[in-house]
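Thanks for asking me to look over this model. Here are my notes, written to be read with the structure open beside them.

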Amino acid sequence: MLKPALLRICLIAVVLGTVVASAAPPVIPVENGSVAQAYKIIASKRFVDLTHSFSPVTPVWKGFGQATFSGAADPQTGKPYTIAKDGFRASFYSMVGQYGTHIDAPAHFDPNGMTVDEIPLKQMILPLVVFDMTSMLEKDPNHALTIADIKEWERRHGRVPAGCFAALRTDMSRDWKTNPERFKRYPFPGWSFEAIKFLYEQRGIAANGHESMDTDISKTMDSEKWLLTHGHWQIEAMAHLDDVPATGALVVVAWPKPQRGVGFPARVFAILP
Ligand SMILES: [Zn+2]
């Protein structure tokens with residue numbers, strides 16, 4: 001146990017230490033219109049992760065098959081690196097690019113389309129609008145969003161802004177972890193071809209995203225084929241759109257940069273208003 005006098009000295013030292021530490025760095029002024037000011041605003045907001053964790057057991061289209069994860073091994077010995085033996089470890093992932101929450105680049109369907117490494121950086125942070133279709137699903141569990149639904153949304157929230165990322169909320173992402181078989185169901189709620197065409201052509205959206213693994217509720221993949229062959233990209237298997245408002249948020253969409261890659265797991269999150 002410390003004697004009272006010694007305890008007092010210790011406390012004074014702690015207080016002095018705090019004063020010295022906090023007095024040290026000069027405050028950099030934050031100018032109006034600067035990225036420093038934008039960062040200060042952004043850092044004060046709530047962030048929502050719109051990405052599922054993926055693993056060898058999470059849903060994937062049956063035509064691709066499940067991922068395998070293993071420890072990366074020394075090619076000379078075939079033995080996986082371990083922290084105990086080698087001081088480090090690394091993972092070896094084997095999976096299709098269209099795995100988990102992922103980006104579909106135009107080149108996924110278009111032989112001359114943009115690849116994931118060519119999509120402009122400025123499209124990786126966009127205003128986010130969310131069409132909440134959940135109330136329509138009580139009557140029609142496999143509803144496809146129509147132009148009329150979008151116009152009804154615009155009566156309440158204003159015109160869909162050009163250059164935004166348009167996301168479709170269906171809440172089917174809730175099945176991702178708890179009921180992966182149900183998550184992979186067909187039919188499922190999605191976009192109509194007319195709605196996708198309208199959003200890109202009449203509203204000038206930059207990209208679209210949804211909770212399902214496919215864009216279309218039709219087996220002919222009309223919407224997906226059209227958007228990818230017209231230079232647009234999309235995010236599939238999004239999560240937590242139930243935690244994001246209809247307008248006013250930003251979405252950040254990032255992915256690795258494989259050369260000439262046509263799809264890859266993505267990290268997607270929203271910055272709330
Ligand atoms: Zn896809």
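This is a predicted model: local features need pLDDT of at least 70, side-chain atom pairs count only at pLDDT 80 or more; totals for chains, interfaces and linings use all residues.

1. The protein chain has eight helices and 13 strands, and its C-alpha atoms fill a box of roughly 80 × 60 × 40 Å along the principal axes.

2. **Overall form.** The radius of gyration of the protein chain is 24 Å, whereas a compact globule of 273 residues would have one near 19 Å. Of those 273 residues, 32% count as buried.

3. **Domains.** The chain is divided into domain 1, residues 69-96, and domain 2, residues 102-271. If you turn the model to see both, the C-alpha centres of domain 1 and domain 2 are 36 Å apart.

4. **Contacts along the chain.** Take the contacts between residues at least 6 apart in sequence: 73% of them join residues at least 24 apart.

5. **The sheet.** You can trace an open sheet of nine strands with mixed pairing, in the order β1-β13-β11-β5-β7-β9-β10-β4-β12. Strands β1 (47-49) and β12 (263-265) are at the edges; each has a single partner strand, so one side of each is left without a neighbour in the sheet. From one strand to the next, the twist averages 25°.

6. The pairing of β12 with β4 (residues 102-104) is antiparallel and spans three bridges. To find the place on screen, look for Asp104, whose bridge partner in β12 is Gly263.

7. **Both sides of β5.** On one pairing, β5 (residues 125-132) runs antiparallel to β11 (residues 249-254), and four bridges join the two strands. Here Ile125 stands opposite Val252 in β11. On the other pairing, β5 and β7 (residues 165-169) are parallel and share five bridges; Leu128 has Phe165 as its bridge partner in β7.

8. **The nonpolar core.** The largest nonpolar core has 52 residues. Among those with the most contacts inside this core are Leu128, Phe131 and Ala166, along with Ile103 and Met238. Beyond its neighbours within four places in sequence, Ala166 is in contact with Val129, Phe131, Val160, Leu199, Ile205 and Asn208.

9. **Val253.** Leaving out residues up to four places away in sequence, Val253 touches Met124, Ile235, Ala266 and Val268. Val253 and Thr101 are 152 residues apart in sequence, yet their C-alpha atoms are 11 Å apart in space.

10. **Pro273.** Pro273 belongs to the segment after β13 (267-271). Why does Pro273 count as exposed? The reason is that Pro273 has 12 C-beta neighbours inside 10 Å, and a residue with 12 or fewer is classed as exposed. Pro273 still has contacts beyond its neighbours within four places in sequence, namely Pro245, Gly248 and Ala249. Its C-alpha atom is separated by 19 Å from that of Ser34, which is 239 residues away along the chain.

Definitions and conventions
Residues are numbered from 1 along each chain as its sequence is written. Two strands pair if DSSP finds at least two bridges between them. Axes are lines fitted to C-alpha atoms, for helices over the stretch in contact, and angles run from 0 to 180 degrees between N-to-C directions. A residue is buried if 20 or more other C-beta atoms lie within 10 Å of its own, exposed if 12 or fewer, and partly exposed in between; C-beta atoms are placed from the backbone. Two residues are in contact if their C-beta atoms, placed from the backbone, lie within 7 Å. The radius of gyration is taken over C-alpha atoms; the globule rule is 2.2 Å times the number of residues to the power 0.38. A nonpolar core is a set of buried Ala, Val, Leu, Ile, Met, Phe, Trp, Tyr and Cys residues joined through C-beta atoms within 7 Å. Domain bounds come from an automatic or database domain assignment.
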